[in-house]
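Me: I have this model open and would like a close look at one part of it. Could you take me through that part and whatever surrounds it?

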Amino acid sequence: MMKGIINGIIVVSLLAGCQTLTGTGYDVRPIQLSETVIIDQERADEAKIIVLSMEEVVEIKGVSDEDNIYLAPKVKHFDRFRLKKIRKQSHDAVKKRYPQATVHVSTDQKIFMELEKLEQELQKRTISEKRLKQKLKKLDEMMKG
């Protein structure tokens, strides 16, 4: 009898603890770069919206150049066990919208931070097209590992 009450209290405590996670709700919008930058980022902006619509993604950074779209979604902690599947779903969704583009998706935190820096440089107009291509080439090498 006593074991049943203790087990019931533990189960109720666990359920109450889980409820606080579901009530937080994420409302992070991607930075829209297409209107403020020298190099057109309309494809990257639309790709970010496509990937951010996925339930598992809470934030995203992304930059594009001529034929490439680089994306780095940040995933909810609980969904980090399914990173490979989330990367594939993200890639396929963006590729469906832009079949001629080469889509690069990474859930690596370092890539996320590098793309965040590039977004800020593009927004502040402190990066040239040539330097953007060099940084994206370096980023591509980092993604391949």
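Which residues of α2 are buried, and against which elements do the buried residues of α2 pack?

Reply: Happy to. First, a word on what you are looking at: this is a predicted model, in which local features need pLDDT of at least 70 and side-chain atom pairs count only at pLDDT 80 or more, while totals for chains, interfaces and linings use all residues. Residues are numbered from 1 along each chain as its sequence is written, and side-chain values use heavy atoms, with hydrogens and water left out.

The protein chain has 5 helices and 3 strands, arranged along the sequence as α-α-β-β-α-β-α-α. Helices (H or I, at least four residues) and strands (E, at least two) are DSSP runs, numbered from the N terminus. Of the 145 residues, 37% count as buried, where buried is under 20% relative accessible area, exposed is over 50%, and partly exposed lies in between (1.4 Å probe, protein chains only). Among contacts (heavy atoms within 4.5 Å) between residues at least 6 apart in sequence, 59% join residues at least 24 apart.

Now to your question. In α2, the buried residues are Arg43, Ala44, Asp45, Ala47, Lys48, Val51 and Leu52. They pack against β1, β2, α3 and α4.

Start with the nonpolar story. A nonpolar core is a set of buried Ala, Val, Leu, Ile, Met, Phe, Trp, Tyr and Cys residues joined through side-chain atoms within 4.5 Å. The largest one here has 16 residues, and Val51, Val57, Ile69, Leu71 and Val94 have the most contacts inside it. Two or more of its residues come from each of α2 (42–52), β1 (57–64), β2 (68–75), α3 (83–97) and β3 (102–105). Apart from this core lies another, of 13 residues, with Ala72, Ile111, Leu118 and Leu139 among them. As background, nonpolar side chains in soluble globular proteins tend to be buried together.

Not counting residues up to four places away in sequence, Val94 touches Ala47, Ile50, Val51, Ile69, Leu71 and Val103.

Next, the helix pair. The axes of α2 and α3 come within 9 Å and cross at roughly 135°; such axes are lines fitted to C-alpha atoms, for helices over the stretch in contact, and angles run from 0 to 180 degrees between N-to-C directions. That makes α2 oblique to α3, because angles under 35 degrees count as roughly parallel, over 145 as roughly antiparallel, 65 to 115 as roughly perpendicular and the rest as oblique. The contact is made by Glu46, Ala47, Ile50 and Val51 of α2 together with Ser90, Ala93, Val94 and Arg97 of α3.

The structure holds 14 salt bridges, each a side-chain nitrogen of Lys or Arg within 4 Å of a carboxyl oxygen of Asp or Glu. Asp45, Lys48, Glu59, Lys61, Glu116 and Glu119 are linked in a network of salt bridges.

Finally, look at the β1 side. Ser64 is located in strand β1 and counts as buried because its relative accessibility is 1%. Leaving out residues up to four places away in sequence, Ser64 touches Asp40, Gln41, Arg43, Ala44, Ile69 and Leu132.
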